[in-house]
Amino acid sequence: MTEDNTQEYEATVYNVVKEGENYYVTLQEYQFTLFVDHSCLHDQEAMQALSTGDKLYFRLFQGELDMLEPYIESAQLSAMSLRTDYDQIITLDSYNENTVLQANNIKVVLISLSVSFFIISLLLIVLQVYKFFKRKQHNL
């Protein structure tokens, strides 16, 4: 994500709820909830200090609000950057680093699964060939 393909919005914090390690921020000016993934946080303490009435600046994909307009009341949107006048809570760099890390983890899992399926398939083929030749020798 960059400043070119995201759009910054300004809002006032209505409520901050922590569930597990993640946060949900409701805003006075918008009907959606901001989802804040703990693994994207640049400044954990600044996130914990966030409270009702704080001015907040956040970035979303460009046009994301327009696309979700019919569903906005029930939407939970991921903040790609999040800051106050004094602190950077999520930066675009921390968001991008987390995204790359998650993508790499998915690649490792998919490669591992593919290799496992390949080995299992190979073993099944070898077993079938072995049974075939054993049966053929038995019939002779």
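This is a predicted model: local features need pLDDT of at least 70, side-chain atom pairs count only at pLDDT 80 or more; totals for chains, interfaces and linings use all residues.
Colleague: OK, how many helices and strands are in the protein chain?
Modeller: The protein chain has three helices and seven strands, where helices (H or I, at least four residues) and strands (E, at least two) are DSSP runs numbered from the N terminus. Following the sequence, their order is β-β-β-α-β-α-β-β-β-α.

Colleague: And which residues make up helix α3?
Modeller: Helix α3 covers residues 92-139, which is 48 residues, and from its first C-alpha to its last it reaches 70 Å, close to the 70 Å expected at 1.5 Å a residue; that expected span is 1.5 Å times one less than the number of residues.

Colleague: Which residues of α3 are buried?
Modeller: L92, S94, Y95 and N98 are buried in α3, with buried meaning under 20% relative accessible area, exposed over 50% and partly exposed in between (1.4 Å probe, protein chains only). The buried residues of this helix pack against β4 (55-61), β6 (81-83) and β7 (88-90).

Colleague: What about L113, where is that?
Modeller: L113 lies in helix α3, and it counts as partly exposed because its relative accessibility is 42%. Between L113 and D87, which are 26 residues apart in sequence, the C-alpha to C-alpha distance is 42 Å.

Colleague: Switching to F58, why does it count as buried?
Modeller: F58, found in strand β4, counts as buried because its relative accessibility is 0%. Leaving out residues up to four places away in sequence, F58 touches Q7, E8, Y9, A11, L27, Y30, F32, L34, S81 and L82, a contact being heavy atoms within 4.5 Å.

Colleague: And D4, buried or exposed?
Modeller: D4 is exposed, since its relative accessible area is 66%, and its place is in the segment before β1 (6-19). D4 and F61 are 57 residues apart along the chain, and their C-alpha atoms are separated by 9.6 Å.

Colleague: Now the whole chain: what is its radius of gyration?
Modeller: The protein chain has 25 Å, whereas a compact globule of 140 residues would have a radius of gyration near 14 Å; the radius is taken over C-alpha atoms, and the globule rule is 2.2 Å times the number of residues to the power 0.38. Along the principal axes, the C-alpha atoms of the chain fill a box of roughly 90 × 35 × 30 Å.

Colleague: How much of the chain is buried, then?
Modeller: Buried residues make up 31% of the 140 residues in the protein chain. As for its contacts between residues at least 6 apart in sequence, 62% join residues at least 24 apart.

Key
Residues are numbered from 1 along each chain as its sequence is written. Side-chain values use heavy atoms; hydrogens and water are left out.
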